[in-house]
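Me: I have a model open and would like to talk it through. Could we begin with the overall surface and then go into detail?

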Amino acid sequence: MPLNINWLQILLHLFNFLILFLILYLTVYEPVFKFMQKRRDKYQAMQDEAAEFKAQKAKLEAEYAQQHALVQAKLAEDKAQAQKDLEAAKAQVLQEAKEEAEKILAQARKDAQMDRDKLMHTAQHELRNLVVNSRKAMASRDMDSYEQFLATVGIEPSPEVADSKSSQAKSPSQPQADYKG
């Protein structure tokens, strides 16, 4: 043994080291490595799942935004259509009300004209009767009664009446013509 090296001892130490390494590898390193690998896989799976959820979330948000825009557009369209229908109904109701008002006004005018005509006819008839009765009274009575009548009514006798009075006094037997209005 040159240099005082014991090769057998070195080989035994090397053999012990290999056995120790093998025992440590099987009892410590491999279980720890498997544990670390499981942990790494678990976290990777969680990260993949989170990424998948994130992608689904983004997809759902995009779908929601699209559907929300469609719903908003549909609501705006429905609102515009409802407003249009309301305006049309309003215009129709106003038109019907105007037509009804015109009918009522025309009927009222017609009724008023009929009432006016009837009233005028009645007034003319009464006036005619009053004139006829007055003439009869004048013919049957003397002129003083006529003057009393005029004074009662509040009318001054006109000069024509005075002339007719003098003409009646001259010819009382002549019949007078009826008043035609």
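Predicted model: local features only at pLDDT ≥ 70, side-chain atom pairs only at ≥ 80, totals over all residues.

Me: How much of the protein chain is buried?

Reply: Of the 181 residues in the protein chain, 4% are buried. Buried here means under 20% relative accessible area.

Me: And how many helices and strands are there?

Reply: The protein chain has three helices and zero strands. Its pattern along the sequence is α-α-α.

Me: Which residues form the nonpolar patch on the surface?

Reply: The patch consists of L11, L14, F17, L18, F21, L22, Y25, L26, Y29 and F33. Together they have about 1100 Å² of accessible area.

Me: Where is F21 found?

Reply: F21 belongs to helix 1, which covers residues 7-140.

Me: Changing topic: how many salt bridges does the structure hold?

Reply: There are four salt bridges in the structure. One of them joins the side chains of E30 and K34, with an N to O distance of 3.5 Å.

Me: How far apart are E30 and K34 in helix 1?

Reply: They are four residues apart in helix 1, so about one helical turn separates E30 from K34.

Me: What about E61, which residue does it form a salt bridge with?

Reply: E61 pairs with K57, and their closest N and O atoms are 3.9 Å apart. A salt bridge requires the nitrogen to be within 4 Å of the carboxyl oxygen, so a pair at 3.9 Å qualifies. Both E61 and K57 lie in helix 1, with a spacing of four residues, about one turn of the helix. E61 counts as partly exposed, at 46% relative accessibility.

Me: And which residue does D78 meet in a salt bridge?

Reply: The side chain of D78 meets that of K74, at 3.5 Å from N to O. D78 and K74 are both in helix 1, four residues apart, about one turn of the helix.

Me: What is the relative accessibility of D78 and of K74?

Reply: D78 has a relative accessible area of 36%, so it counts as partly exposed. K74, at 45% relative accessibility, is partly exposed as well.

Methods
Residues numbered from 1 in each chain as written. Heavy atoms only, no water. Patch = residues over 30% accessible without salt bridge, like charges linked within 9 Å, V, L, I, M, F, W, Y side chains within 5 Å. Areas by Shrake-Rupley, 256 points an atom, 1.4 Å probe, with all protein chains shown as cover. Helix = DSSP H or I, 4+ residues; strand = E, 2+ residues; numbered from the N terminus. Buried < 20%, exposed > 50% of the residue type's maximum accessible area, 1.4 Å probe, protein only.
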